[in-house]
Amino acid sequence: FEGHLWLDLEDGWDVWFDGQRLSRERRRGTAIRGDVRFDLTLTPGEHLLLVLVEDLAGAAAFGARVTDRANRAPPAGIVARALPARR
C-alpha cells in the first residue's frame, strides 16, 4: 500500500515508524492544522507507529489517519489499533 500518514498535533512531537524516526519538531502554541504528513509504504504484516506528544499548555491533542495517495480512504484490509501508554 502506498499512501500518506496524517497527524494532528499541536505543540511538539517525535514520530517513529517501524523503528525509524520520521520527524521531530517543536511548535509552540500553534493551532492544530492537520498539516503534518508523511509518505507511507505498508507491506503485509504488522507495523508500529510510535508518537511522543509534547504538552506545553492545555490538552495534548493528537489524531492520526491514513489515506491513499489521492487522499481517499485506505483499503478495508488495513486495520489499526491503539496500545495504551506505558508509564
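Colleague: In this predicted model, does Asp14 count as buried or exposed, and at what relative accessibility?

Modeller: Asp14 belongs to strand β2, which covers residues 12-17. A residue is called buried when its relative accessible area is under 20%. Because the relative accessibility of Asp14 is 10%, this residue counts as buried.

Colleague: Which residue has a side chain that makes a polar contact of 2.8 Å with the side chain of Asp14?

Modeller: The side chain of Asp14 is joined to that of Trp16 by a polar contact, but the distance there is 3.3 Å. The polar contact of 2.8 Å, also made from side chain to side chain, links Asp14 with Arg21.

Colleague: Which residues is Asp14 in contact with, once its neighbours within four places in sequence are left aside?

Modeller: Contact here asks for heavy atoms within 4.5 Å. With those neighbours left aside, the residues in contact with Asp14 are Arg21, Ser23, Arg24, Arg26, Leu50, Val51 and Leu52.

Colleague: How many of the eight residues of strand β1 are buried?

Modeller: Strand β1 runs over residues 2-9 and is described as mostly covered. The cut-off for a buried residue is again a relative accessible area under 20%. Of the eight residues in β1, the number that are buried is six.

Colleague: Why does Pro74 count as partly exposed?

Modeller: Pro74 is found in the segment after β6. Partly exposed residues lie between the buried class, under 20%, and the exposed class, over 50%. Pro74 therefore counts as partly exposed, since its relative accessibility is 25%.

Colleague: How far apart in space are Pro74 and Glu2, from C-alpha to C-alpha?

Modeller: Not counting residues up to four places away in sequence, Pro74 touches Phe1, Val66 and Thr67. Along the sequence, Pro74 and Glu2 are 72 residues apart. In space, their C-alpha to C-alpha distance is 9.3 Å.

Colleague: What is the mean pLDDT of the chain?

Modeller: Strand β5, residues 49-53, has a mean confidence of 89, whereas β1 has a mean of 92. Across the chain, 93% of residues reach a pLDDT of 70 or more. The mean pLDDT of the chain is 86.

Definitions and conventions:
Residues are numbered from 1 along each chain as its sequence is written. This is a predicted model: local features need pLDDT of at least 70, side-chain atom pairs count only at pLDDT 80 or more; totals for chains, interfaces and linings use all residues. Side-chain values use heavy atoms; hydrogens and water are left out. Buried means under 20% relative accessible area, exposed over 50%, partly exposed in between (1.4 Å probe, protein chains only). Helices (H or I, at least four residues) and strands (E, at least two) are DSSP runs, numbered from the N terminus. pLDDT is the predictor's confidence in each residue, from 0 to 100. A polar contact is a pair of N or O atoms within 3.5 Å; within protein, one must be able to donate a hydrogen and the other to accept it, and residues adjacent in sequence count only if both atoms are side-chain atoms.
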